[in-house]
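Here is a short report on a protein model. Look at the sequence and the 3D view first, then read on.

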Protein chains: 2
Amino acid sequence: MPTWWAENAWLPSGVAHDVRITAKQGVITEVAARTRPATGDVILMGLTLPGAANAHSHAYYRALRGRTQAGNFWTWQEARQAVMRRLNPDTYLALARATFAEMALAGYTLVGEHHYIHHDPDGRPYDDPNIMGRALIQAAEDVGIRLTLLDSIYTIEGYDGSGPRPLPAAHARFSDGDPVKWFERISALKPRATTRIGAAIHSVLSVPPEWLAGIAEMTTETSVLQTHLAQHLGEAAATLSMRGRTPAQLLDDAGLLDERMLLVHAIHLDDADIALIGRSGASVCLCPTSERDLGDGIARARDLADAGASLCLGTDQHAIIDPFAELRGLEVNERLRTNERLQFSLDELVAASSAHGYTALGWAGGGRIAVGAPADLATITLESVRTMGSKPAHAPMIAMGYDVTHTVVAGRPVIVEGRHPLGRVEDLLAEAFAMLRG
Amino acid sequence: MPTWWAENAWLPSGVAHDVRITAKQGVITEVAARTRPATGDVILMGLTLPGAANAHSHAYYRALRGRTQAGNFWTWQEARQAVMRRLNPDTYLALARATFAEMALAGYTLVGEHHYIHHDPDGRPYDDPNIMGRALIQAAEDVGIRLTLLDSIYTIEGYDGSGPRPLPAAHARFSDGDPVKWFERISALKPRATTRIGAAIHSVLSVPPEWLAGIAEMTTETSVLQTHLAQHLGEAAATLSMRGRTPAQLLDDAGLLDERMLLVHAIHLDDADIALIGRSGASVCLCPTSERDLGDGIARARDLADAGASLCLGTDQHAIIDPFAELRGLEVNERLRTNERLQFSLDELVAASSAHGYTALGWAGGGRIAVGAPADLATITLESVRTMGSKPAHAPMIAMGYDVTHTVVAGRPVIVEGRHPLGRVEDLLAEAFAMLRG
């Protein structure tokens with residue numbers, strides 16, 4: 001029965017001091033403030049937060065960091081496709097393992113991996129047609145991070161005037177051909193102790209719209225769905241001209257806009273879309289550091305939250321892997337939109353970073369330091385160059401991933417004093433890149 | 001004659017490899033690419049950049065990091081005034097020394113310190129009326145960072161309907177009463193090997209506008225001037241209603257808008273202001289991470305540059321001290337404004353981070369790795385968790401201050417392998433805060 005003694009801990013009731021946390025079989029069984037450490041306690045100095053949920057990740061994009069900041073859109077696509085061509089079950093495993101380790105090091109304890117690189121580079125299924133998804137599960141288990149695998153249907157490349165555009169050859173490996181084959185394939189994937197299996201629709205432009213209702217029907221037992229929504233201005237224009245409906249309305253018409261749905265980006269929305277999403281029970285995942293890097297725009301986060309949407313956060317293409325940068329991004333984007341400080345309370349920001357992401361990824365009740373929640377923790381030092389002088393309760397707005405000293409998933413230590421048992425994360429990354437570029 | 005051998009170096013002609021840099025009396029005397037390291041060279045692995053210029057700093061704000069992220073505007077003012085009340089020559093020195101050391105650690109080699117805390121907490125001059133400014137000079141010399149001291153005139157607290165509002169008691173220490181006394185005081189400050197003395201006007205609302213022409217006249221020999229401009233929407237409204245002129249026009253009318261002037265923030269400008277500033281020869285300092293934190297807004301950076309303004313960067317209130325965060329902020333803010341990537345070239349971004357700041361702070365020709373420039377360097381590792389996999393030429397967009405391993409100022413090592421000879425920067429900060437709060 002592991003126990004931790006935290007100098008400061010972010011509890012649902014606020015920041016408490018001298019907090020003893022006990023877990024059994026990966027679940028928190030006791031939380032007591034104003035205690036003294038006892039023999040055998042793991043001491044966590046600084047501020048211990050619920051572990052962060054990275055609610056939207058494409059692990060393989062980590063290989064593009066620092067390689068797309070010059071040139072043009074086509075240089076970027078070439079760099080992406082050069083990486084994709086080298087992705088096979090071995091390289092995908094190595095890259096995901098290194099990327100998930102980078103996440104754990106930064107304080108993430110859960111990742112929602114949006115996965116569409118299913119088949120071999122020519123689009124033929126591997127002998128095990130789920131071998132790429134299983135590589136992601138293996139990577140998460142090797143690292144010790146909790147995973148929700150969001151296996152994504154992706155069969156067309158949007159629309160032009162004459163109808164759906166087929167996938168280019170480089171994207172042939174995304175497609176199972178039709179929803180039945182897709183769903184049959186992913187139904188062979190089974191949950192594990194720290195893995196949930198969800199499903200995803202890449203976006204409303206990635207499948208013919210007449211399939212959406214069928215996808216809704218076949219996934220009624222699937223607890224988590226994810227789709228990219230309104231990342232680009234053009235998406236709504238395309239669906240409006242084609243169907244007279246916004247992307248959010250198309251999802252709603254098909255019965256896909258409900259508590260199970262996690263909408264990613266949700267930037268270019270009108271007031272009616274925001275109201276629709278707010279009352280639907282769907283969650284919204286913003287990816288501030290990625291959206292900045294891509295120039296996607298700033299979501300109307302406060303409006304979405306006020307309409308009823310539960311906001312969570314993700315790193316998407318991993319320009320940065322740092323839950324505090326996302327949390328801060330959510331708040332400062334809103335400050336930039338409104339010219340006013342303090343748009344979200346610190347409790348709302350930590351909930352977006354942790355509890356809301358856990359719920360949206362199928363781990364309801366997680367992302368909190370409370371009895372019954374998964375024992376997933378992240379501790380930051382308050383004595384780094386960056387955090388020195390901060391009040392514990394303000395630290396989430398000024399800390400960074402490099403301030404994380406410990407992470408715990410399901411009661412097991414993952415990062416201890418900034419180190420992972422698999423080795424230096426730098427080395428894991430270097431090995432993965434060598435395999436990719438070798 | 002110190003020499004460095006850099007694995008990669010950011011030269012005016014682009015990124016070069018295997019670069020040997022030689023300096024004499026603090027100035028670069030030779031730069032040779034495709035060399036082999038020689039006995040005695042200091043080896044700099046990774047990417048060596050010209051050291052960064054922090055073109056706008058108020059060092060004492062470092063004490064507020066992590067203490068203003070909840071509450072309201074008045075909580076924030078109280079926290080600020082609590083710090084200010086404890087500022088005396090000793091605490092100001094300790095706090096500036098720790099803050100400047102944090103800058104050096106992050107890759108800054110030059111700081112422009114905007115200084116207005118001149119007198120004792122009751123507004124009485126100290127026995128040496130420049131003792132607070134001398135504390136800043138001492139702090140910079142202790143750290144080994146280059147300094148331009150921008151001593152600021154600040155005599156009123158803006159305007160209300162009936163005229164100028166006097167400074168509140170808590171701000172009495174800012175004022176010398178009138179420009180003649182202010183300028184007489186600062187004329188006693190003399191430049192030193194790595195210190196320049198400039199002047200500042202806090203903003204056009206901080207002195208009666210009829211003084212501006214006189215200030216221009218008395219500062220004709222001063223090589224660097226700085227003022228906050230258009231940080232808030234209200235500033236232009238105030239000057240327009242009072243004088244029918246925008247803040248930029250008031251500066252221009254007074255003869256203050258020329259090559260010597262460094263305008264800080266420059267956010268809420270109209271097209272005519274941007275054209276005026278662009279053709280004036282003035283520089284513009286943006287502070288992206290601070291402006292995000294304060295909710296000031298996003299400057300029209302590309303428009304300002306296209307109009308002719310030379311852009312540089314500063315950390316202002318030190319929500320973060322990281323030149324790469326500022327450089328990236330300049331670019332991503334523009335991406336968010338336009339929904340397009342790659343708004344500035346990487347050369348433009350590095351120039352904004354280094355050369356333009358050097359010129360604007362009175363060190364023309366600096367901030368470049370070139371013969372004749374001050375030997376001010378900053379090296380980042382390309383093998384950290386953050387930078388692993390990056391192309392050297394893209395690294396400035398993805399690196400962070402924590403990736404800096406070495407900084408050199410005037411040919412002298414300041415940071416070596418992430419360490420400063422004064423001790424751990426965390427400890428310098430902790431000592432300064434203990435003095436302030438003790």
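B:D41 is buried, with a relative accessible area of 10%. Here buried means under 20% relative accessible area, exposed means over 50%, and partly exposed lies in between, with a 1.4 Å probe and protein chains only. The side chain of B:D41 meets that of B:R20 in a salt bridge, 2.7 Å from N to O. A salt bridge is a side-chain nitrogen of Lys or Arg within 4 Å of a carboxyl oxygen of Asp or Glu. The two residues are 21 apart in the chain: B:D41 sits in the loop between β3 and β4 (42-50) of chain B, and B:R20 in strand β2 of chain B. B:R20 is partly exposed, at 24%.

This is a predicted model: local features need pLDDT of at least 70, side-chain atom pairs count only at pLDDT 80 or more, and totals for chains, interfaces and linings use all residues. Residues are numbered from 1 along each chain as its sequence is written, chains are lettered from A and ligands numbered from 1 in the order in which they are written, and side-chain values use heavy atoms, with hydrogens and water left out.

**Salt bridges**

The structure holds 52 salt bridges over all chains. Three of them are set out here.

| Pair | Closest N to O |
|---|---|
| A:D271 and A:R300 | 2.7 Å |
| B:R341 and A:D293 | 3.1 Å |

What does the pair of B:R341 and A:D293 join? B:R341 lies in the loop between α11 (323-338) and α12 (346-353) of chain B, and A:D293 in helix α9 of chain A, so the pair joins two chains. B:R341 is buried, at 17% relative accessibility. A:D293 is buried too, at 6%.

A:D271 pairs with A:R300. A:D271 lies in helix α8 (residues 271-280) of chain A, and A:R300 in the loop between α9 (288-294) and α10 (301-307) of chain A, so the pair ties together parts that are 29 residues apart in sequence. A:D271 is exposed, at 53%, while A:R300 is partly exposed, at 22%. Both belong to a network of salt bridges that also links A:D303, A:E334 and A:R337.

**Strands**

Helices (H or I, at least four residues) and strands (E, at least two) are DSSP runs, numbered from the N terminus. Two strands pair if DSSP finds at least two bridges between them.

Chain B has an open sheet of 7 strands with mixed pairing, in the order β3-β2-β1-β4-β15-β16-β17. Its edge strands are β3 (27-32) and β17 (412-415), and each pairs on one side only. Strand β2 (residues 14-24) of chain B runs antiparallel to β3(B), joined by 5 bridges. B:R20 stands opposite B:A32 in β3(B).

In chain A, strand β16 (residues 404-409) is mostly covered, with 6 of its 6 residues buried. Strand β15 (residues 377-380) of chain A runs antiparallel to β16(A), with 4 bridges between them. There A:A378 has A:T407 as its bridge partner. Another 3 bridges join β16(A) to β17 (residues 412-415) of chain A, again antiparallel. A:V409 stands opposite A:R412 in β17(A).

**Cysteines**

How many disulfides are found over all chains? The search finds 0. A disulfide is a pair of cysteine sulfur atoms within 2.5 Å. The sulfur of A:C285 is 4.0 Å from its closest cysteine sulfur, in A:C287, too far for a bond. A:C285 is buried, at 0%.
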